[in-house]
Amino acid sequence: MAGNILEIRDLRKNFGAYQALKGVSLDVAQGEFIALVGPSGCGKTTLLKHIAGFEEPNSGSIAIDGQQMLGVPAAARPTSMVFQKLALFPHMTVADNIGFPLKLRKVDAATIAKRVMAMIELMQLKPEYLSRFPRQLSGGEQQRVALARSMISEPKLLLLDEPLSALDVKLKKVLQAELKRLHRSVGVTFVHVTHDLEEAIMLADRICVMRAGEILQMGGPNDIYYRPADSFVAGFIGDTNLIPVEIAENNASGAMLRAPGLHATDPRVPAGFVAADLGTGPALLMVRPELMSPLVPGESADFSIEVTITEVFCKGGTVQFRSIMADGAPVIFELPGASRQPADIGDKVRLGWPKRDIYVFREKVAA
Amino acid sequence: MAYPTPTPWLNARAEARLANVLLYGATAAVLIFFYIPIFTLIAFSFQEGRYPTLPFEGVSLKWYAALFQNSSAGDALYNSTVIAVVATLFATVIGSAAAIVAVRYRFRFRIPFTGLSAAPLAFPQLLLGIVLLLWFSVLGRTFNFNTGIVTAIIGHVVYITPFAMVIVAVQVFNFDATLEDAARDCGATTVEVYRYVTLPLLWPGIFSAGIFAFLLSWGNFYLTYSLAGSTRTLPTFVFSGIATGSSPLYPAIATVVFIPGILLVILADRIRRKG
Amino acid sequence: MSGEIDRSWRDPELLAKALPSVILQTGFFLAPLLMTMALTFQRTKNFQLTWTWSLETWTDIFTKPHYWTILGHTLFMAITCVVLCLLIAFPVAYALATRLRAYQNHVKVLITFAFLTDATLKTFGWVLFLDKNGAANYIARLTGFEGDAVNILFTDWATMLGMVYNLLSFAIFTIYLSIDAIDRSLILAAYDAGASKFRAFWEVTLPLARPGIWAASVLIFLLAVGVFLEPKVLGGGKSPMSAELIRQTFETRVNWPLGAALTLVLMVVAVFIVLLFNRIYSLKRHMGPI
C-alpha cells in the first residue's frame with residue numbers, strides 16, 4: 001500500500017468553552033474511501049472543515065501527502081469539497097461552475113472547455129446542460145455538477161459533507177452507486193461525512209465512528225456492523241439484540257457467561273468473540289436479528305432463548321418479528337420472506353444461534 | 001361526537017368580495033392620491049398663461065423654453081447632478097461595505113456599529129441639516145471655509161448611506177455564505193472570492209441601493225437647503241420660487257426633475273426582473 | 001440563511017469595510033450631535049455665539065409655556081399622522097402581498113417613484129391642486145359643486161394631508177415586507193382549522209405582521225415630529241410645529257443655543273414616547289390581551 005495521504009495527529013478545537021474536537025488522530029491511505037459517521041454535533045463536519053482549511057485547530061496537526069497544512073488557506077490545499085447544500089454558484093452556468101477551479105488556476109480557455117467536457121462525460125451529464133444555470137437542473141443533476149466541479153482540479157483528497165442527505169431515497173441509492181463507481185474509476189481518496197451508518201457501510205472501505213468530538217471506533221464495514229465498540233455503535237445501524245449477561249471469568253482462553261433465560265450448551269466463549277477490553281462483571285451479548293433462527297422441538301443450538309411474538313412486520317424480502325422474553329426484555333429476529341408466515345402474534349418460539357455469531361462487549365466504552 | 005363547523009359572520013363568497021373591494025379599492029385610491037400632485041405639476045407646466053390657475057389659457061411649451069434660457073435654472077440642474085452623482089458613489093460604497101459587516105460578521109462591537117451606521121435613518125432630515133449646519137459653521141470658523149457644494153455632499157452622504165446599507169443588507173442576508181467557502185475551496189483568493197462570487201451575487205442589491213441613493217440625493221430639499229450655502233439645486237430653486245410667488249416656470253422645473261427618476265426606477269425594475 | 005462569521009473587531013478585512021461608515025457617522029452625525037448638546041449651555045450676545053457656559057437657555061425653555069404648546073401640537077399631529085398612515089397603508093400593503101399577482105411589480109414601481117420624488121415638489125403640487133383657483137376646485141365646479149368646495153389650503157387639514165402623503169410610502173413598504181414574510185401555510189392551517197378568511201386574517205396575519213406595523217409606526221412618528229415643509233407650505237405657517245420653530249430660532253432669531261436646545265427637547269421627547277409605547281406594547285404581550 002502507498003503511504004498515507006492524510007495524517008491527523010491529536011487535533012483539538014474549542015469553540016469558546018465547547019470542545020468540538022478532543023484530540024482526534026486519523027490516518028488515511030492513498031485511494032481509500034473513508035466515512036466519518038456520527039450523530040449531529042459529534043464533530044465529523046468540524047473535522048472535515050479542518051481538513052479543507054475552513055477552520056484552524058487549537059492544537060494538533062494535519063498533513064496531506066506529507067505536507068503540513070496548518071496555516072495553509074483552503075484555496076491552497078490539495079483538497080476539494082462537495083458541500084451539503086452543494087454551493088453551486090447561481091449566477092454561473094454549469095460549464096462556468098465546473099470550470100471555475102481551473103479558471104482560478106489561470107488555465108487557458110480551450111483546455112478548460114476540454115476538461116469540462118471530460119468531467120461532463122465522467123458524470124454522465126448531457127452536454128446541452130453546459131449552458132444552463134444550476135437552478136434549471138434537477139437535484140441529482142446538480143449533485144453531479146457539484147462533484148464535477150470538485151474533481152476537475154484533480155484534488156488529492158475529495159471531501160464530501162453529507163452531499164446526499166437532502167435527496168429522496170431512490171435518488172440517494174442511485175448516487176451512492178455513482179459515488180462508488182467514481183471512486184473506483186478515478187482512484188482519488190474520498191473522505192465522506194454522513195450521519196447515515198448504512199450509507200457508510202455500503203460505500204466506505206473504512207468507517208470512523210465519532211461521538212462528542214472523539215473517535216469511538218475505526219474499522220471496516222464488517223467490524224462496525226458485527227464487532228461494534230459498544231451499544232451506541234451497535235444501535236447506530238439497523239436493529240440489534242443486546243442481551244444482558246454476567247461475565248464470571250475472563251482470561252486469555254475466553255470468558256464464562258451467565259444469564260437468566262439464556263440457554264447455552266457451553267457457556268464458555270472463545271476470546272475472539274469478546275471485546276478485548278472486557279473484564280468481568282455485567283456485559284452485553286449482541287446478536288443481529290437476521291442471525292437468529294427458530295428451532296424445531298428437540299433441535300438445539302449453541303445459544304437459545306424462548307420468546308413470545310408481539311408484532312410482525314413484512315419488510316418485503318424479509319419478515320421481522322418483535323418478541324419478548326419471559327422477563328419482558330425485547331428480542332427482534334428476522335427471517336427470509338415466505339409466502340406463508342411461519343409464526344403469528346402470540347406464538348411462543350424458541351430461537352437459536354451459533355456461537356460464531358455473537359459478540360460480547362461492555363455497554364459503554366470511554367473513548 | 002363531532003364539533004359543529006364554525007360559522008363565519010359572512011358567507012365565504014360575500015367575505016371574499018368585500019375583501020377584494022376593500023383591498024383593490026384602497027390600492028387604487030392610494031395610487032391616485034400619490035399621483036395627484038405629480039400630475040398637477042406636469043399639467044401646469046404646459047400652461048400658456050402667466051399664473052398657474054385653471055382653466056388654462058392655452059397649452060404651450062414656452063415655460064420649458066424659458067427654463068432653458070434661465071441660467072440659474074441651468075446652474076441648479078448642474079449642481080443637482082454633481083451632488084447626486086458624487087453622493088451616490090460614496091453612499092453606495094460605504095453603505096454596501098457596512099451592510100456586509102453588519103450582517104455577516106459576529107464581532108465585539110457589532111450592535112453599536114449597526115446602531116451608529118443606521119442612526120440617521122430615523123433622524124428628521126431638517127434637524128440633521130441644522131445639526132450639521134452648526135457643525136460646519138463651527139468647523140468653518142476654525143478652518144476658514146463656508147458651506148457650499150462639498151458640505152451639501154457630505155450631508156447627503158450621511159443621510160443616504162444608511163438607506164444604501166439597509167437595501168444591501170437585505171441582499172447580504174439572503175446570500176448563502178457557503179458559496180464563498182466553495183469559491184475558496186476551488187482555489188480563489190480573498191480578492192477573487194469578491195470578484196467572482198460575492199460582488200456578482202450582491203450586485204442587484206448594490207445596484208438598487210445606487211439608484212435609490214441617486215434619487216434621494218437628486219430630489220433632496222432639506223439637507224441641501226441647510227448645507228449648500230448659496231449653491232442652489234433644483235429643489236431649493238423651486239422652493240425659493242414658491243416663496244417669491246409662483247409662475248408656471250416651477251412646474252416645468254419639477255417636471256424636468258421627475259424625468260431621471262422615472263427612467264431610473266424603470267431601469268432598476270427591468271434589471272431586477274432579468275436577474 | 002447567511003452564515004455568520006466570527007471575527008475579531010481588529011480584523012483588517014472587517015475594519016476596511018466598517019471604518020468608512022464609522023468615520024462618516026462619527027464625524028458628521030455623532031460629533032455634531034454632541035456639539036449641539038454642548039451648545040445649549042452657551043450664551044449669545046448681539047446674535048453672536050459667546051463660548052460661556054450658562055443655563056440661561058434651559059431656564060428660558062422650562063419657563064415659557066409657548067415652546068411646550070408648540071411641542072404638544074407637533075406630537076398631536078405626529079401621532080394622528082401615524083394612525084392615518086397605518087390605516088391607509090395596511091390594506092395597500094396587504095393587497096400588494098396577497099393580491100395583484102400580475103400587477104404587483106407595476107404598483108411597487110409606481111409607489112417607489114412617487115416616494116423618491118422630492119417632497120418639496122410634491123408639496124408644491126398639492127398647493128397648486130388645493131388652491132382656490134386650483135385643480136381640485138376646478139374639478140369640483142365641473143362636477144356641479146358651488147363656489148369653492150375645496151377650501152382647506154393653509155389649514156392644519158392641509159398640513160396633515162401633506163404629512164400623510166409624504167410619509168405613507170414608509171408605512172406601505174415596511175408593512176408589506178412583514179406580511180410578505182409570513183409563511184403562507186400558516187394561513188392555510190388556519191383555514192383548515194375552520195377559520196373564515198376574516199378570522200384567519202385577524203388571528204394569524206395581523207399578529208404576525210405586528211413587527212412591521214410597529215417598525216412603520218416608529219419610523220413615521222420620528223419623521224413626522226420633524227416635518228417643516230408641510231406646515232410651512234400647505235399649512236401656511238399659521239400654526240407652526242416644532243421644526244419650524246427651530247428653523248426660525250436659528251435663521252431669524254439667530255439664537256443657536258436656544259435652537260439647539262429645542263432640537264434636543266424635540267428629539268428626547270420623541271424618543272421617550274417611542275420607548276413608552278414600546279414598553280406598553282411589550283407589557284401587553286407578556287400579560288396577554290387586556
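In this predicted model, the C-alpha centres of domain 1 and domain 2 of chain B lie 34 Å apart. The domain assignment places domain 1 of chain B at residues 1-45 and domain 2 of chain B at residues 65-274. Where the two domains touch, domain 1 of chain B supplies five residues and domain 2 of chain B supplies six. On the domain 1 side of this contact in chain B, four residues are nonpolar, one is polar and none is charged.

**Domains of chain C**

- Chain C is also divided by the domain assignment, into domain 1 (1-39) and domain 2 (56-287).
- A distance of 30 Å separates the C-alpha centres of domain 1 of chain C and domain 2 of chain C.

**Contact between chains C and B**

- In this interface, 79 residues of chain C are in contact with 84 residues of chain B.
- On the side of chain C that touches chain B, the element that gives the most is helix H1 of chain C (residues 12-39), with 17 residues.
- Sorted by class, this side of chain C holds 51 nonpolar, 18 polar and ten charged residues.

**Contact between chains B and A**

- Here 15 residues of chain B are in contact with 17 residues of chain A.
- Two or more residues on the chain B side come from each of helix H7 (178-185) and helix H8 (190-218) of chain B.
- H7(B) provides the largest share of that side, namely six residues.
- The chain B side of this contact consists of seven nonpolar, three polar and five charged residues.

**A helix pair in chain C**

- Two packed helices are described by the angle between their axes and by the distance between those axes.
- For helix H8 (residues 184-192) and helix H9 (residues 197-208) of chain C, the angle is about 140 degrees and the axes are 10 Å apart.
- An angle counts as roughly antiparallel over 145 degrees, and as roughly perpendicular from 65 to 115; H8(C) and H9(C) are therefore oblique to each other.
- The crossing of H8(C) and H9(C) is right-handed.
- H8(C) contributes C:Leu186, C:Ile187, C:Ala190 and C:Tyr191 to the contact, while H9(C) contributes C:Ala200, C:Glu203, C:Val204 and C:Thr205.
- Six of the residues in this contact of H8(C) with H9(C) are nonpolar, one is polar and one is charged.

**A sheet in chain A**

- In chain A, five strands form an open sheet with antiparallel pairing, in the order S14-S12-S11-S15-S21.
- Why is one side of strand S14 (268-270) and of strand S21 (359-361) of chain A left without a neighbour in the sheet?
- Both strands stand at the edges and each has a single partner strand, so one side of each has no neighbour there.
- On average, neighbouring strands of this sheet are turned by 45 degrees against each other, direction ignored.
- The edge strand S14(A) pairs with strand S12 (residues 254-258) of chain A in the antiparallel sense, over three bridges.
- A:Ala255 has A:Val269 in S14(A) as its bridge partner.

Key
Residues numbered from 1 in each chain as written. Chains lettered and ligands numbered in written order. Predicted model: local features only at pLDDT ≥ 70, side-chain atom pairs only at ≥ 80, totals over all residues. Axes fitted to C-alpha atoms, helices over the stretch in contact; angles between N-to-C directions. Helix = DSSP H or I, 4+ residues; strand = E, 2+ residues; numbered from the N terminus. Parallel < 35°, antiparallel > 145°, perpendicular 65-115°, else oblique. Left-handed = near helix turned anticlockwise from the far one by under 90°. Contact = placed C-beta atoms within 7 Å. Nonpolar A, V, L, I, M, F, W, Y, C, P; charged D, E, K, R; others polar. Domains from an automatic or database assignment. Pairing = 2+ DSSP bridges.
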